[in-house]
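Please keep the structure open as you go through the points.

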Amino acid sequence: MTYPTQPTSSHFVNGAYLEDAAGAALPVIYPATGQVIATLHEATPAVIEAALIAARDAQAEWAAMSGTERGRILRRAADIMRDRNRELSILETYDTGKPLQETLVADATSGADALEYFGGLAASLTGEHIPLGGGNWAYTVRQPLGVCVGIGAWNYPTQIACWKGAPALACGNAMVFKPSETTPLCALKVAEILHEAGLPAGLFNVVQGAGDVGRALVTDARVDKVSLTGSVPTGRKVYAAAAAGMKHVTMELGGKSPLVIFDDADLDDAVGGAILGNFYSSGQVCSNGTRVFVQKGIKQAFLTRLAERLADAKIGDPMDEQVSFGPMVSEGQLGIVERYIAKGIEEGARLVTGGKRLDGQGYYIEPTVFADVTDEMVIAREEIFGPVMCVLDFEAEAEVLTRANDTEYGLAAGVFTRDLTRAHRMVAGFQAGTCFINSYNDAPVEVPFGGVKASGVGRENSKAAIEHYSQLKSVFVRMDRVEAPF
Ligand code: NDP
């Protein structure tokens, strides 16, 4: 590797870096140049076994510590992440190609927030006392699940490792985390920092590999819970495999979310929301509002202002902090986006701006806007996971709500309007796990995040995540005599 933040080996198991060169080579490609910047190795069965044994062995003692002690370690890790934000952001940019301008504020910082938040909650994870008749009573004990497997997508490798690791560890679980094979570097740094903060060996392990490594983890009888961030097709497979072993699951999957802009919206705020909801991270965000429904009266003004603002996008070297728009994560993802753009043109959508791959090195494609998109077009129905905004026209509130919900997905939805009651009516009707009023894509750790319908099961972040990394034991206590029929 050629940069200073390099992890030293492919895996992190039982508190230390681990290499096993017998695993298939896993080249790490910097999306801005297409060059190989590191070569890791996929986990062999021996590495997977070592990670699971380490997790299993370490978990009981960790669970026996007080929540205050566990939380202190997580909060210390949050401080280390913040101290090293620049270094971690550079690594995130190497892994994903996202502009440093973004990674400096959205990745290690979000990971640190999760470690701090769940570190703070760890001491408050209690059960309850339930008084019953006759002087009898019951109490509940909140217990960890055991060994949790985390499987990540490639768009937010640091954040996803922390969003899964922090609540799992706060509740007293151990974790084996498998990053996406496209972005394997960042989770190793998360493991390194957790252990530097004092996390006992074996509690947060990172193993590399593609779907087959994930499959080996999900189907292992020693695993109690699986948390996946990925696409709906992968989610269906992983959910089914976990169900066969009766394991707990969290599924954070894809979306095709609606963003509804009414005539009375503040134009610049609405355009800003649509930009954030389509072009941040080059459009590679699960909750993006990629179906932008614009009411007819504001349509022309919206498209004009959008084109003006897009002209200010600075596309280029993601390490240049002035650059606001970077490459796609991989050649493969770029190809998918190009095919969707061609499909949009073929289906008769009007290409307003963008649409072309940039000449030269790296996986760059222009921010792209289609107008006059209709509900049945493929680009309006399928998740593209790239910088392609579809603008659809609408006239009436009831009509747009029905159309907004006409999708198998249900991750997020947004509305821009100055009419307070209409905003809340719309939100009440949206079939989505996360809604935004006059905003888009905020994801603070205090707020539950997750989808409905095909977009997922369970919630990450907030106190809600605790429910998905712990279970209650109920204890009945009889104070009077036992009455038996004979
Ligand atoms: P994939 O579904 O392709 O992969 C997700 C992860 O699952 C990867 O680590 C992948 O490994 C692994 N995997 C693949 N097959 C299996 C299997 N059979 N068993 C176990 N693990 C498996 O998603 P992408 O990485 O392409 O990410 C993009 C998708 O993620 C989009 O649909 C996006 O919407 C969604 N996403 C959802 C978010 C949310 O919070 N709701 C947030 C971010 C993204 P490998 O890649 O190494 O093959």
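1. A polar contact here is a pair of N or O atoms within 3.5 Å. With that in hand, start at the ligand: an oxygen atom of the ligand lies 2.9 Å from a backbone N or O atom of Glu-181. Please bear in mind throughout that this is a predicted model.

2. Ser-180 takes part through its side chain, where an N or O atom is 3.4 Å from an oxygen atom of the ligand.

3. Which residues are the closest to the ligand? Out of the 28 residues that surround the ligand, the closest are Gly-152, Ser-231, Thr-234, Leu-253 and Glu-383.

4. Now step back to the overall layout. The chain divides into domain 1, made of residues 11-254 + 455-473, and domain 2, covering 258-437. Taken over C-alpha atoms, the centres of domain 1 and domain 2 are 30 Å apart. Domain 1 gives 33 residues to the contact and domain 2 gives 30.

5. The size of an interface is often given as the accessible area lost when the parts come together. For domain 1 and domain 2, the buried area is about 2400 Å², with 57% of it on carbon and sulfur atoms. On the domain 1 side, Pro-31, Gln-101 and Trp-154 supply 22% of the area buried against domain 2, more than any other three residues.

6. The interface has polar links too. Ten residue pairs are in polar contact across the interface of domain 1 and domain 2, both residues of each pair being at pLDDT 80 or more. The side of domain 1 that touches domain 2 draws two or more residues from each of β3 (25-30), α3 (85-96), α4 (100-106) and α9 (232-244). By type, the residues of that side are 15 nonpolar, eleven polar and seven charged.

7. How many salt bridges cross the interface of domain 1 and domain 2? There are two. As for Arg-86, its salt-bridge partner is Glu-321, with the closest N and O atoms 2.9 Å apart.

8. Finally, the whole structure holds 32 salt bridges. One of them pairs Asp-224 with Arg-56 at 3.2 Å, N to O. Asp-224 sits in the loop between α8 (211-218) and β10 (225-229) and Arg-56 in helix α1 (residues 45-64), so this pair ties together parts 168 residues apart in sequence.

Technical notes. Residues numbered from 1 in each chain as written. Predicted model: local features only at pLDDT ≥ 70, side-chain atom pairs only at ≥ 80, totals over all residues. Heavy atoms only, no water. Domains from an automatic or database assignment. Contact = heavy atoms within 4.5 Å. Buried area = accessible area lost by both parts, 1.4 Å probe. Salt bridge = Lys/Arg side-chain N within 4 Å of Asp/Glu carboxyl O. Polar contact = N/O pair within 3.5 Å; in protein donor to acceptor, adjacent residues only side chain to side chain. Helix = DSSP H or I, 4+ residues; strand = E, 2+ residues; numbered from the N terminus. Nonpolar A, V, L, I, M, F, W, Y, C, P; charged D, E, K, R; others polar. Near = heavy atom within 4 Å.
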